[in-house]
Amino acid sequence: MALIKSISGIRGTIGGQAGEALTPVDVVKFAAAYGTWVLQTTQNNTIIVGRDARISGDMVNKLVCATLQGLGINVVDVGLSTTPTVEMVVPELKAGGGIILTASHNPKQWNALKLLNYKGEFISDAEGKLVLELADKEAFEFAQVTELGTYTQREDAIEKHIEAILALPLVDVEAIKAKKFAVAIDCVNSTGGIAVPMLLKALGVKTVEKLYCEPDGHFPHNPEPLPENLREIAKVIEKGKFDLGIVVDPDVDRLALINEDGSMFGEEYTLVAVADYILKNKTGNTVSNLSSTRALRDVTEKAGGNYYAAAVGEVNVVNMMKEQNAVIGGEGNGGIIYPELHYGRDALVGIALFLTHLAKSGLSMTRLRASYPNYYISKNKIELTPDVNVDAVLTQMQERYAKQPINTIDGVKIEFDKEWVHLRKSNTEPIIRIYAESDSNATAEHLANKIIADIKEIISVKA
């Protein structure tokens, strides 16, 4: 059993003892803390609640909604929805905040409360700490019987989200329709099974082969959209006559694409391709996190814009995008943030923009992918004993490579011409994550192994 409290929310496994897993007691306590924070900071007593389709969702939803009502908060429940949809409903209804009940790419036994501010964006580090403090102190006061909040349901949130996507100037429905695309989709039996087919129909996609689109929460495979989890849809595409495959995670904020021959487009390249399309139509800056591919920088600079790297985490990417007035941004895990719609990772707008790009390019998926700089990322980690001072290790690595360009806004990122290594410590485990990128898989692996050897040498000397 596990319960992880962080500045972005609370997540854990269902079942077990209070304080050690995500039990009803923990759900109520944390929902009450968040509701109290919203009332104190916004004086706004409306909160939007939505959820993905995981098995525990209905139970957790009832607990959260009733707790908020108990605080005197009016709840608008959008039901089975997507993370980006809830993010859009919050400012539309001028609510004080929003809660998305989803453990994102985690397996079915997990659930979580993701917390939004009044703009429909994830709460900041400082705000998250205040919510955790309220929860720890149980510093909440419930409303009198005559002042309980109301509960209403809204059933058109996804439709409104899709309408807003279709209205974007760079989404060209006629160009998509003219291509008569044949698409296979895997929505891992969550709410993408509702939203993605609805979007593809609205975009005029001719043929849609649905895999796992029943939103019952019974994930047929590991729900994280990584290549090793997408073998089934890859085989379907390989055998059939499809233009591409589309895969989303349970809360529809990550987008992975599959080529017409069943090979992976590469989730790092979802953002690269969409950014390429945006930059062809609008000069501007881009942002991704420090662990994302250099290909975005290459594409941005080729188009006359500037690329900026943010610390890992959606809220950090969003803040940097606002600071640099970026026209597109996101994360290398297939997360597209298109500020013309809203500041949040959104697989649905990513699909619409990508299909427009593919239609207008006249290229196949494999040829489009081949048009981008080719990089490979090696993802590794070193598990350490609890007595190792991870910060001291990272400082020594920084000193060891002081002659190279180094970024320390989030761990240590060392650049070597067009190669880089990013070292980050885990917030929850004694682990250092080591990501290395180069223009060949072998070189990326070699670079990662060199850095791992350096770290082990530093640790052994200290021991």
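**Terms and basis**

A residue is called buried when its relative accessible area is under 20%, exposed when that area is over 50%, and partly exposed in between (1.4 Å probe, protein chains only). The model is predicted: local features need pLDDT of at least 70, side-chain atom pairs count only at pLDDT 80 or more, and totals for chains, interfaces and linings use all residues. Residues are numbered from 1 along each chain as its sequence is written, and side-chain values use heavy atoms, with hydrogens and water left out.

**Salt bridges**

A salt bridge here is a side-chain nitrogen of Lys or Arg within 4 Å of a carboxyl oxygen of Asp or Glu. The structure contains 25 of them. In one, the closest N and O atoms of Glu92 and Arg154 are 3.0 Å apart. This pair connects distant parts of the chain, 62 residues apart: Glu92 belongs to helix α3 (residues 83-92), and Arg154 to the loop between β7 (151-153) and α5 (157-166). Helices (H or I, at least four residues) and strands (E, at least two) are DSSP runs, numbered from the N terminus. Arg154 is buried at 13% relative accessible area, while Glu92 is partly exposed at 42%.

Another salt bridge joins the side chains of Arg400 and Glu457 (3.4 Å, N to O). Arg400 lies in helix α14 (residues 390-400) and Glu457 in helix α15 (residues 441-462), 57 residues apart.

**Helix α10**

Helix α10 (residues 295-302) has the buried residues Ala295, Leu296, Asp298, Val299 and Thr300. Just after this helix, Gly304 adopts a positive phi of about 90 degrees.
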